[in-house]
Amino acid sequence: MGLPLFSAHNDPGPSFFHYAETSGLANASAHGSAESPHATTVIAVRYNAGVVMVADRQATGYYIASRDVRKIEAADRFTAIAISGTAARGIEFIKMAQLSFEHYEKMTDSSLSLEGKANYLSPIIQRNNLSTPLIVLPLLAGWDPSHQVGRLFEYDGAGGCYERFDFATIGSGSPFAESALRLGFRSDLDQEAALELGALALYEAGDNDPATGGPDFVRDLFPMMVTITEAGFQELASAEVGARFRSINDRRTQSGGVAGGTLR
Amino acid sequence: MTNYFYVSPEQLIKDRAEFAQKGIARGRSMVAAIYDVGVLLVAENPSASLNKISEVYDRIAFAGVGKYNEFDRLREAGIRWADGTGFTYSREDVDARALANYYAQHLGDMFTEGQKPLEVEILVAQLGSKFRPTKLYRVAYEGTILDEARFAVLGGDAETIRERFAATEEVIHPLKETLKNAVNALAGPERNIPTPDLEVGILEDRGNRRTFLRLDDAQVSELLS
């Protein structure tokens with residue numbers, strides 16, 4: 001690869017995606033289909049000081065391909081990206097987003113706004129999903145430093161970007177997670193309540209959806225839980241997540257596998 | 001009918017070199033120096049937004065002197081090259097030496113084949129790691145590449161500044177001393193550069209993947225006090 005110099009009229013500007021595409025670093029479109037593992041339930045809940053995200057860790061094909069996939073990653077200090085859909089494309093998507101935000105920052109000596117990041121991802125999703133059967137659907141959550149608030153964006157299959165003010169879910173376990181969230185969400189949730197609700201919704205999805213991995217007490221593998229606040233992206237320690245899921249599990253054991261009348 | 005006059009290659013090179021040197025001498029100079037735990041880049045730059053110093057990659061920084069539009073295009077190409085290489089291979093495969101060589105080739109080509117030589121001098125700095133040494137590569141307008149041992153001075157007044165700075169840099173100092181010496185060398189005995197006219201960046205390990213940090217006026221004043 002030589003020195004990527006452009007003249008003013010065809011310069012790709014600070015967009016890494018545009019540069020990668022014009023220079024052939026990234027495939028603009030790959031046709032055909034391939035069976036590859038799918039990534040499955042991710043939940044994001046907005047609360048009074050940021051956003052909580054919870055994701056299961058199972059990659060499912062015809063069998064369980066992996067039990068410790070990370071479906072949420074920090075895209076930069078204040079932004080998290082979660083993926084569902086084709087694992088291979090999702091991982092590439094996260095890498096592209098991380099690199100793009102950093103690239104923009106270095107090229108222009110300023111950070112993209114959170115809304116700018118959300119919009120930037122739209123055409124990438126659209127290009128991928130309309131040109132291959134290897135669909136990828138992300139969630140973007142972040143702390144917006146210019147408005148001092150946590151914000152959440154979801155996308156449809158054609159790349160449409162929608163801001164959500166309550167919660168969002170992606171993946172095959174969504175219907176079950178969504179039901180729990182609809183019953184438990186309040187607009188004044190604090191961090192502890194948001195974490196608890198997120199964990200409960202993921203437990204529901206893991207309990208009902210065969211392609212979502214719930215807490216794995218045998219291997220000590222638990223869903224990923226992160227918070228995005230003024231302090232940036234923070235991942236909860238596995239022990240803390242484990243304790244949370246263990247107590248949900250204990251309560252369910254007591255009431256015979258159901259919540260037992262209250263959301264718990 | 002057009003008449004072509006013969007110009008000897010010696011004369012052509014000399015004219016082009018003079019042209020480039022004049023262009024570079026119009027701008028202010030900059031100093032890059034290795035300090036005990038990092039690399040310091042300091043430039044005299046009255047503009048707070050048209051930068052001479054920039055982050056390129058996790059452990060690589062760029063500095064340019066001369067014509068802003070020319071070195072800024074090279075800076076952008078460097079960032080693209082680094083991000084593209086890291087994307088294709090791995091982050092640890094991005095090496096300052098390869099980038100400095102590309103700059104050298106491009107500047108060399110423009111010097112001999114271009115409409116006019118580029119009126120810039122480039123510095124590529126790399127903070128050492130387990131895999132690579134700390135390096136300062138200086139690339140001149142005609143494509144000469146120099147691997148500077150401890151510090152580099154770029155710009156029109158480079159020789160005088162180099163002498164002044166060399167006198168104070170017999171050993172490697174901490175950041176504070178290195179910055180003071182660099183600013184004194186840039187200013188000379190009769191002048192005092194106000195802090196807002198200084199652009200300062202460092203490469204230093206702070207526990208993050210990205211080691212570049214731009215110091216603001218308050219941080220620079222603090223270090224100079």
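Trainee: Which residue stands opposite A:L139 in strand 8 of chain A?

Mentor: In this predicted model, the residue facing A:L139 of strand 8 is A:A82.

Trainee: How many bridges join strand 8 of chain A to strand 9 of chain A?

Mentor: There are six, again in the antiparallel sense, with strand 9 covering residues 149-155, and here A:W143 stands opposite A:G150. Four residues lie between these two strands in their hairpin, where A:Q148 adopts a positive phi near 55°.

Trainee: Is strand 8 of chain A mostly covered or mostly open?

Mentor: In a regular strand, side chains alternate between the two faces of the sheet. Strand 8 of chain A (residues 136-144) is mostly covered, with eight of its nine residues buried.

Trainee: Which residues of helix 4 of chain A are buried?

Mentor: An α-helix has 3.6 residues a turn, so residues three or four places apart point the same way. In helix 4 (residues 174-184) of chain A, the buried residues are A:S174, A:F176, A:A177, A:A180 and A:L181, and their cover includes strand 2 (42-47), strand 11 (167-170) and helix 5 (191-208) of chain A.

Trainee: How many residues does each chain bring to the contact?

Mentor: Chain A gives 15 residues and chain B gives 16. On the chain A side, helix 1 (16-22) and helix 2 (87-108) each supply at least two residues, and helix 2 provides the largest share, four residues. By class, that side has ten nonpolar, three polar and two charged residues.

Note on methods:
Residues numbered from 1 in each chain as written. Chains lettered and ligands numbered in written order. Predicted model: local features only at pLDDT ≥ 70, side-chain atom pairs only at ≥ 80, totals over all residues. Buried ≥ 20, exposed ≤ 12 C-beta atoms within 10 Å, placed from the backbone. Contact = placed C-beta atoms within 7 Å. Nonpolar A, V, L, I, M, F, W, Y, C, P; charged D, E, K, R; others polar. Pairing = 2+ DSSP bridges.
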